[in-house]
Amino acid sequence: MEFEAFENLYQHICQNHVERLYDLYNSEINTYNTKSNSKKIIIKFDPREINNASACSDASDIIIIYKGLLKNLHKATQLFIEREYQLLTDDEKATISFFVFSISTHFIICHEFAHLYCGHCDLLNKINNKNVCLRLDFDSDIGITPLDHQALEMNADAVAACRTTDYVLFEPYHHRSIIESIHNKNMAVDLLLKAMNITFFVLRSFMPPISDIYFETRSHHPALLRQIMNNQTLIKYLQTEYGKSISEKNIDEHFASDEKTLCELFYVPLNAEHYKNNLSQVILEHEQKLRTHWNSLYNKLAPFSRSELPPIF
Ligand SMILES: [Zn+2]
């Protein structure tokens, strides 16, 4: 089915994610509510065909999702589920597609939400004495280094990976049909991993690849490294919060298999494994640099954060 047939439903899903996160982080009884925040939050749907999302904090908090990103996620999800679950009925495939799309958009929205609630936007606004939008291109005038920016992205990813796991596994959030066809069949964690792989496959089309020799000057660390680090977050968070063991080998197999399917569907060369094997030293060194850098950035960020700054696993 064409994207346009789903557009209203998708916007509704995104709106619900924002409201759920807002309630979670502002509720008096929850541990994330460390500072009161009365700012209104707005989600805007930009009609441009841009594969991106952004966050800025002004009189209100604003999250912007571009149509291009929703459209690309829709296409990748539909094709992927159609290929992977050929034996299921159309109704079952539709339920799974809906759930996977919902997980992907939750991750993206929560990543933007973390830019707001972990104080990233407020820190930059303070440094610049104006409202700065956190976006794709690195802007050298915003008073922080690319490494600072990448560490903020790493922080936003870590928050998003944890909250998205909560979203997927907390059954009361979901409709009965999702519980019956997904949770009761123990498919939830599997679909969480698939949704993350689809999301980063889509995101990778506008982010510098790991082979980009200038990756240290970009606003985001390479998407493949983000994916690897997010997988580590998922392994640790699933274990500590939910007692669910998933090995690194298992998560790597998921990644390799989903990547192969997506590359075939979109006629792109299968290169993720190649980069992972051949440039792992470059990746590992940069990962270490980011983790070390996070420790110094943490203290700068803490006064602006409206919630607990979570550990970077
Ligand atoms: Zn970001």
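In which loop does Tyr-267 lie? In this predicted model, Tyr-267 is located in the loop between α9 (248–265) and α10 (272–278). Its phi is near 55°, a positive value in a residue other than glycine. Tyr-267 has 6 C-beta neighbours inside 10 Å and therefore counts as exposed, the cut-off for that class being 12 or fewer.

A positive phi near 55° is also found at Asn-186, again a residue other than glycine. Asn-186 belongs to the loop between α6 (176–183) and α7 (188–204). Because 8 other C-beta atoms lie within 10 Å of Asn-186, this residue is likewise exposed. A further positive phi, of about 55°, is taken by Asn-129, which is placed just after α4. Helix α4 itself spans residues 120–128, and its buried residues are His-120, Cys-121, Asp-122, Leu-123 and Leu-124.

For Ala-114, neighbours within four places in sequence were left aside; the remaining contacts are with Asn-155, Ala-156, Val-159 and Ala-160. Residues three or four places apart in an α-helix point the same way, because the helix has 3.6 residues a turn.

Technical notes. Residues are numbered from 1 along each chain as its sequence is written. This is a predicted model: local features need pLDDT of at least 70, side-chain atom pairs count only at pLDDT 80 or more; totals for chains, interfaces and linings use all residues. A residue is buried if 20 or more other C-beta atoms lie within 10 Å of its own, exposed if 12 or fewer, and partly exposed in between; C-beta atoms are placed from the backbone. Helices (H or I, at least four residues) and strands (E, at least two) are DSSP runs, numbered from the N terminus. Two residues are in contact if their C-beta atoms, placed from the backbone, lie within 7 Å.
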